[in-house]
Amino acid sequence: MRRLDVVSEHEYDLIVIGSGPGGQKAAIAAAKLGKKVAVVDRHDMVGGVCVNTGTIPSKTLREAVLYLTGMNQRELYGASYRVKQDITIADLLARTQHVVGREVQVVRAQLMRNHIDLVDGTGSFTDPHTVLVEGRHRGDRRTLSADHVVIATGTRPARPKQVDFDAARVLDSDEILRLEQIPSSLVVVGAGVIGIEYASMFAALGSRVTVVEQRDHMLDFCDPEIVESLKFQLRDLGVTFRFGEKVADVAVNDHATITTLVSGKRIPADGVMYSAGRQGMTGELNLEAAGLTADERGRLAVDENYRTAVPHIYAVGDVIGFPALAATSMDQGRLAAYHAFGEPAHELGALQPIGIYTIPEISYVGATEAQLTSSSVPYEVGIARYRELARGQITGDSYGMLKLLVSTADRKLLGVHVFGTGATDLVHIGQAVMGCGGTVDYLVDAVFNYPTLSEAYKVAALDATNKIRALERFS
Ligand SMILES: Cc1cc2nc3c(=O)[nH]c(=O)nc-3n(C[C@H](O)[C@H](O)[C@H](O)COP(=O)(O)OP(=O)(O)OC[C@H]3O[C@@H](n4cnc5c(N)ncnc54)[C@H](O)[C@@H]3O)c2cc1C
Ligand SMILES: NC(=O)c1ccc[n+]([C@@H]2O[C@H](COP(=O)([O-])OP(=O)(O)OC[C@H]3O[C@@H](n4cnc5c(N)ncnc54)[C@H](O)[C@@H]3O)[C@@H](O)[C@H]2O)c1
């Protein structure tokens, strides 16, 4: 029900531009408060980058790769084990398209049952309270006005000007699912999360992958020991890393590509994928009409309540930059709507997990060893290796590991780092313990189902407490 006590000159209480995770949750949170809400997006982008070109397709592709290649079963059935011999792009896309289609339906249904108007088109400001929506057909224009606006327009891949993207062999990461066949060789430019996730998928499919990264290392926010293990696994799959190298030029013809590096190296490959950062989608918004400006990467600055410089206009999700994750975008959207309509809420918690869906996957929450060391926090490490867990043997994962960082001062958990099967789910046990201020003793005393990978927590906790006891005995 719409509140009747405040009379507004505007048609809507809230307009949300962009229907990705941030926009969806802003809209639904406002609708649950009885507000009249419109969400603007193009009909073929409902669900955002998340559902259409980013998170969901890439994670579904990963599942398809793991299943069809039989990768996870090879320790048990031998290196030649495959579910399907000649995997085609059609095999992979069948699953991806199915899941994306379903997810779009879920988003549409959720907006509809909350009485949110989904307006098809591209939104731009004509003044700080008014958004012009231009649809796909000529003359298809509609003007909406609202008391509040949430900008949740996300990002698009950054495309260096000197590179000729041809939508066939030289692609950005949003286009990679349009490949017509699985390349026998692929150059991946940029070893960020997107680059490494796709590099590991194509390597698992048998492509010879070369990763070019201008920095000397990758994923440097993660635990270095785990990143080393990942690099080892990827090299084992035939990935070549070119760290400290920049791409100077990419040449393409009908059959192949040549990537020339600034160092003079030339890399022939069937295709090239650029995953060298992303750019905020603010170019079409006519921000000046709203009294806003974006930075050089198209991002908007916000305060702790996600308010831009214009107080009734909020911005959430990837368009505001770090951490640029689906999970955080959703909560930012919800909190922006609560703030706009005076609903009390807690701030986003500091304890946010990171999940990287490489093959094998990585996840962590809390501090890294490097952070604890640089801030002089004494800690002990407890490690559990999957190969010593019954479930690890049953699953056929001999490389997985879970690492706990435990304060030697008060035995609290300071960080959890997981590598291997189920890492992105397992991390939440540690997150819950840390969120409740729990100590390693909780994990020592807890009984876990057997045989499970969760048991790694107990094994690692015992390892850490054994080391702490040795220290205490000495002193
Ligand atoms: C390949 C890839 C893999 C990823 N994997 C993960 C992952 O595993 N886990 C994770 O947490 N995150 C992942 N992410 C990040 C995640 O997708 C984003 O954090 C999330 O989608 C951001 O949500 P958002 O609300 O900012 O909107 P987005 O999902 O970015 O969507 C923005 C929407 O705004 C629309 N829009 C833009 N301009 C306008 C306009 N002028 N008018 C109307 N509509 C407009 C666009 O059409 C789009 O639909 C991944 C990203 C990529 C690219
Ligand atoms: N699992 C997940 O949570 C997940 C998965 C994918 C993406 N994402 C989100 O998407 C965001 C964007 O990811 P991304 O990987 O595109 O960006 P990024 O900025 O993290 O990585 C880009 C990398 O490309 C390198 N690079 C840039 N130009 C180069 C050049 N000319 N030659 C060689 N290397 C170059 C950069 O040094 C950097 O390491 C991430 O920060 C993340 O928030 C999250």
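Modeller: Two strands are said to pair if DSSP finds at least two bridges between them, and the strands themselves (E, at least two residues), like helices (H or I, at least four residues), are DSSP runs numbered from the N terminus. This is a predicted model, in which local features need pLDDT of at least 70 and side-chain atom pairs count only at pLDDT 80 or more, while totals for chains, interfaces and linings use all residues. Residues are numbered from 1 along each chain as its sequence is written, and chains are lettered from A and ligands numbered from 1 in the order in which they are written.

Biologist: How do you know that β12 and β13 pair?

Modeller: Strand β12 (residues 247-252) and strand β13 (residues 257-261) are joined by 5 bridges and run antiparallel, and the rule asks for at least two bridges, so they count as a pair. Within this pair, Val250 stands opposite Thr259, and the two strands form a hairpin with 4 residues between them.

Biologist: What joins β13 to β14?

Modeller: There are 4 bridges between β13 and strand β14 (residues 266-269), which run antiparallel, with Thr257 opposite Ala269. These two strands also form a hairpin with 4 residues between them, and Gly264 in the turn has a positive phi of about 100°.

Biologist: Why are β18 and β20 said to stand at the edges?

Modeller: They belong to an open sheet of 5 strands in the order β18-β19-β22-β21-β20, with antiparallel pairing. Each of β18 and β20 (379-385) has a single partner strand, so one side of each is left without a neighbour in the sheet. For β20 the partner is strand β21 (residues 401-407), joined to β20 by 7 bridges, and Arg385 has Met401 as its bridge partner.

Biologist: Why is Asp117 called partly exposed?

Modeller: A residue is buried if 20 or more other C-beta atoms, placed from the backbone, lie within 10 Å of its own, exposed if 12 or fewer, and partly exposed in between. Asp117 has 16 other C-beta atoms within 10 Å, so Asp117 is partly exposed.

Biologist: How do the residues around ligand 1 divide by class?

Modeller: Ala, Val, Leu, Ile, Met, Phe, Trp, Tyr, Cys and Pro count as nonpolar, Asp, Glu, Lys and Arg as charged, and the others, Gly among them, as polar. The shell around ligand 1 has 16 nonpolar, 17 polar and 5 charged residues. In this shell of 38 residues, the closest are Gly18, Gly20, Gly48, Gly154 and Gly317, and by the rule Gly counts as polar.

Key
Near = placed C-beta within 6 Å.
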